[in-house]
Amino acid sequence: MLDLHGFGPALLEGTWMTIRLSLASVALGLLLGLLGASAKISTSAPLRGVCGFYTSVVRGVPETLWVLMAYYGTTSMMN
């Protein structure tokens, strides 16, 4: 039998929180992705231009740089 030294409830609570956060992130990502895709195929030229610019910028910047910008940007805003 696995002995968790009394941390079983905390681990179960953390697992449940991770599952809820993951599902919320998937739902939000799906919603934002569908909104962006529908704007990109829109008949409005300015809307397509803004979405095209956003797509080019996001795809052109490596993910590691986004993570670093988010980390250092939020810490500098908090200070």
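**Exercise 1. At what angle do α1 and α2 pack, and how far apart are their axes?**

Solution. Start with the elements. Helices are DSSP runs (H or I, at least four residues), numbered from the N terminus. Here α1 spans 8-40 and α2 spans 45-60. Next, the geometry: the two helices pack at an angle of about 125 degrees, with their axes 8 Å apart. Axes are lines fitted to C-alpha atoms, for helices over the stretch in contact, and angles run from 0 to 180 degrees between N-to-C directions. Now classify. Angles under 35 degrees count as roughly parallel, over 145 as roughly antiparallel, 65 to 115 as roughly perpendicular and the rest as oblique. α1 and α2 are therefore oblique to each other.

This is a predicted model: local features need pLDDT of at least 70, side-chain atom pairs count only at pLDDT 80 or more, and totals for chains, interfaces and linings use all residues. Residues are numbered from 1 along each chain as its sequence is written, and side-chain values use heavy atoms, leaving out hydrogens and water.

**Exercise 2. Which residues of α1 and α2 meet?**

Solution. Contact means heavy atoms within 4.5 Å. From α1, take Gly-36, Ala-39 and Lys-40. They meet Leu-47, Arg-48, Cys-51, Gly-52 and Thr-55 in α2.

**Exercise 3. Is Ser-42 buried or exposed?**

Solution. Locate Ser-42 in the loop between α1 and α2. Apply the cut-offs: buried means under 20% relative accessible area, exposed over 50%, partly exposed in between (1.4 Å probe, protein chains only). Ser-42 has 18% relative accessibility, so it counts as buried. Leaving aside neighbours within four places in sequence, Ser-42 touches Leu-47 and Arg-48.

**Exercise 4. Which helix gives the largest share of the nonpolar patch?**

Solution. List the members: Phe-53, Val-57, Leu-65, Trp-66, Leu-68, Met-69, Tyr-71 and Tyr-72. Together they have about 810 Å² of accessible area. Such patch residues have over 30% relative accessible area and no salt bridge, with nonpolar side chains (Val, Leu, Ile, Met, Phe, Trp, Tyr) joined within 5 Å. α2 and α3 (63-78) each supply at least two residues. The largest share, 6 residues, comes from α3. Check two members. Tyr-72, in α3, is exposed at 52%. Val-57, in α2, is partly exposed at 33%.

**Exercise 5. How far apart are Val-57 and His-5 in space?**

Solution. Val-57 and His-5 are 52 residues apart in sequence and 49 Å apart in space, C-alpha to C-alpha.

Definitions and conventions
Patch = residues over 30% accessible without salt bridge, like charges linked within 9 Å, V, L, I, M, F, W, Y side chains within 5 Å. Areas by Shrake-Rupley, 256 points an atom, 1.4 Å probe, with all protein chains shown as cover. Salt bridge = Lys/Arg side-chain N within 4 Å of Asp/Glu carboxyl O.
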